[in-house]
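Open your viewer and get ready to click around. We'll go from stop to stop, and at each one you'll hear what to select and what is there.

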Amino acid sequence: MAELAGLDDPRIRAVNEKHGDDHGVNLGRLRALAKRLKTQQELARELWATGDSAARLLALLVCRPKAFGRDELDVMLREARTPKVHDWLVNYVVKKSPHAEELRVAWSADPDPVVASAGWALTTERVAKKPEGLDLDGLLDVIEAEMKDAPDRLQWAMNHCLAQIGIEHAGHRSRALAVGERLEVLKDYPTPPGCTSPYAPVWINEMVSRRDGS
C-alpha cells in the first residue's frame, strides 16, 4: 500500500476523476508492479479488501481468476463502483471464470444498471466467441426496447452488444444497423481522429469493411 501511495500522481488522478475513477496511478507502472509480484491469490484478496481503487486494480492483475467462487465474484462486482475497477474485474477475471455464464444470466436481469452492464459485457463476449445457444433476435428485441433510455454505463454495454451482433453475424446485420439508425444512441459522441465512432451503424460498417479488406 505504501508503494502504491508513492506511485499516486495528482495529475493522473485529476484526469481519472473526470471519468469517474478515483486513483492516480499510471497503469503502466501498476502493471510493472504486478509483473514483479506475480500471481498471489491471497495477496489479491487482501488488496481487494482495502477498498482502495489502485489496490483493487493491482489485485485483479495478481489474482488467480478461477480461484474465486461464484458468490465471491458477485459481491466483488457490486463493490466495484468505479468504471476501471468494474471493467478490469469483468474482463480480466470474470470472463476467465468457470462461473462466467451463470453470472452473465444473473447479472443481465439485475435491477442495478451497473450490475446489468456487466451481464451485457459478458453477453457481448459470447456474441463474438461462443454464440451457440444465444437468442440473437431476442437480444436485439431487448436492445431495441430498452437501450435508448438506459443509464449511461448500461446503455454503453448494450450498444457494444448491438455492434458486435452486427459485426459478427451477417444474417442479423441489417436489423442491427436499422436498430442503431432508429435509436441514434451515441450518434454524436465525440470521436478523436483515427478512432472508430461508437455509433453502432458506423462501428459495424467500419469493422466489417476492415475485415473484408474493402
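Start by selecting S197, which sits in the loop between α12 and α13. (Helices here are DSSP runs of H or I with at least four residues, numbered from the N terminus.) Before going on, know that this is a predicted model, where local features need pLDDT of at least 70 and side-chain atom pairs count only at pLDDT 80 or more, while totals for chains, interfaces and linings use all residues. Residues are numbered from 1 along each chain as its sequence is written, and side-chain values use heavy atoms, with hydrogens and water left out.

**Stop 1**

Is S197 buried or exposed? S197 has a relative accessible area of 14%, so it counts as buried. (Buried means under 20% relative accessible area, exposed means over 50%, and partly exposed is in between, using a 1.4 Å probe and protein chains only.) Now show what S197 touches: leaving out residues up to four places away in sequence, you'll find L186, T191, V202 and W203.

With a relative accessible area of 16%, L186 is buried.

Then pick E184, again in the loop between α12 (173-183) and α13 (200-212). Here too phi is positive in a residue other than glycine, with a value near 55°. E184 has 41% relative accessibility, so it counts as partly exposed.

**Stop 2: V179**

Step back into helix α12 and select V179. V179 is buried, at a relative accessible area of 2%. Which residues does V179 touch, not counting those up to four places away in sequence? The answer is I143, E144 and L162.

**Stop 3: H23**

Jump to H23, in the loop between α2 (10-17) and α3. H23 is buried, at 5% relative accessibility. Its contacts, ignoring neighbours within four places in sequence, are D8, I12, R13, N16, S53, A54 and L57. Take R13 from that list: it is ten residues from H23 along the chain, and their C-alpha atoms are separated by 5.3 Å.

**Stop 4: α3 against α7**

Colour helix α3 (residues 27-37) and helix α7. Their axes come within 15 Å and cross at roughly 45°. (Axes are lines fitted to C-alpha atoms, for helices over the stretch in contact, and angles run from 0 to 180 degrees between N-to-C directions.) α3 and α7 are therefore oblique to each other. (Under 35 degrees is roughly parallel, over 145 roughly antiparallel, 65 to 115 roughly perpendicular, and the rest oblique.) The contact is made by L27, L30 and R31 of α3 and K84, W88 and Y92 of α7.

Stay with W88 and Y92. Both lie in helix α7 (residues 83-93), four residues apart, which is about one turn of the helix. W88 is buried, at 5% relative accessibility, whereas Y92 is partly exposed, at 26%. Rings of Phe, Tyr and Trp (its six-membered ring) pair if their centres lie within 6.5 Å; planes under 30 degrees apart are stacked, over 60 edge-to-face, and the rest tilted. By this rule there are two aromatic pairs. In the pair of W88 and Y92, the ring centres are 5.0 Å apart and the planes are at 40°, so the pair is tilted.

**Stop 5**

Finally, select helix α6 (residues 70-79) and helix α8 (residues 100-108), which pack at about 45° with their axes 11 Å apart. That angle makes α6 oblique to α8. To see the contact, show R70, L73, D74, L77 and R78 of α6 together with E102, L103, A106 and W107 of α8.

Key
Helix = DSSP H or I, 4+ residues; strand = E, 2+ residues; numbered from the N terminus. Contact = heavy atoms within 4.5 Å.
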